[in-house]
Amino acid sequence: MQSENNPLLNPFDLAPFSQIKNEHFLPAFKQLINETKAEIDAIVDNVDAPSFQNTIEALEYSGHQLDRVSSIFFNLNSAETNPEIQKLAQEISPLLSEFGNDVTLNEKLFQRIKTVYESRESLNLNKEQMMLLDNKFKSFSRNGANLNDADKEKLRAIDAELSSLKLKFGENVLAE
């Protein structure tokens with residue numbers, strides 16, 4: 001589905017709820033995941049030495065539209081769901097879970113983050129930048145970036161199952 005026909009793929013300030021149809025979500029998620037992957041790849045493939053700007057800031061700004069569409073979709077799923085949205089959620093959640101793992105378990109990306117983190121004292125960062133750097137490093141560390149390859153695969157399987165179970169739990173709560 002082309003972006004001109006899908007309001008979720010166009011920049012917006014306020015969510016265009018009156019224009020959004022259920023069939024817009026899955027193509028939007030697929031396209032936005034691919035666009036965000038390209039943003040992450042640009043960070044990873046940057047030949048310049050890792051810096052706060054080209055790694056941490058770039059990572060913070062990546063995936064903005066994907067985050068917005070996710071918020072819209074999952075808020076609709078929890079507040080105004082229907083069988084079609086629930087079916088979409090069963091397709092979309094695994095995609096997002098896999099993509100999230102692709103980012104947090106990306107060794108080259110984590111190495112760039114770790115390099116910046118380890119040199120943080122010499123970077124003259126303000127409080128907000130230091131907090132962002134600290135949060136990014138801890139988030140990656142806590143989400144498996146330091147695991148060996150076998151444990152990363154186990155984590156991926158656990159996250160996939162958890163994603164599915166979380167949706168099922170939410171559906172059961174809504175049904176009650």
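1. Start with the buried side of H4. In this predicted model, the buried residues of H4 are Ile85, Gln86, Leu88, Ala89, Ile92, Ser93, Leu96, Ser97, Phe99, Asn101, Val103 and Thr104. As for what does the covering, the list includes H1, H3, H5, H6 and helix H7 (149–175).

2. Next, the geometry of H4 itself. The helix runs over residues 83–104, and at 1.5 Å a residue its 22 residues should span 32 Å; the end C-alpha atoms sit 31 Å apart, so the two values agree. There is still a kink of about 25° at Gln90, shortly before the proline Pro94.

3. On to the rings. How many aromatic pairs does a search of the whole structure find? It turns up six. One of them is Phe29 with Phe73, an edge-to-face pair with 5.7 Å from centre to centre and 80° between the planes. Phe29 belongs to helix H1 (residues 22–44) and Phe73 to helix H3 (residues 64–79), so this pair ties together parts that are 44 residues apart in sequence. Phe29 counts as buried because its relative accessibility is 0%, and Phe73 is buried too, with a relative accessible area of 0%. Both rings also belong to one aromatic cluster, made up of Phe25, Phe29, Phe73 and Phe74.

4. Now for Tyr117 and Phe137. Are these two rings stacked or edge-to-face? Their centres are 3.8 Å apart and their planes are at 5°, so the pair is stacked. This one also links distant parts of the chain: Tyr117 is in helix H5 (residues 107–118) and Phe137 in helix H6 (residues 127–142), 20 residues apart. Tyr117 and Phe137 are both buried.

5. Leu9 is placed in the segment before H1. Is Leu9 buried or exposed? Its relative accessible area is 11%, and under 20% counts as buried, so Leu9 is buried. Leu9 and Ala28 are 19 residues apart in sequence, yet their C-alpha atoms are 6.1 Å apart in space.

Technical notes. Residues are numbered from 1 along each chain as its sequence is written. This is a predicted model: local features need pLDDT of at least 70, side-chain atom pairs count only at pLDDT 80 or more; totals for chains, interfaces and linings use all residues. Side-chain values use heavy atoms; hydrogens and water are left out. Rings of Phe, Tyr and Trp (its six-membered ring) pair if their centres lie within 6.5 Å; planes under 30 degrees apart count as stacked, over 60 as edge-to-face and the rest as tilted. Helices (H or I, at least four residues) and strands (E, at least two) are DSSP runs, numbered from the N terminus. Buried means under 20% relative accessible area, exposed over 50%, partly exposed in between (1.4 Å probe, protein chains only). The expected span of a helix is 1.5 Å times one less than its number of residues. The bend at a residue is the angle between axes fitted to the seven residues ending there and the seven starting there. Contact means heavy atoms within 4.5 Å.
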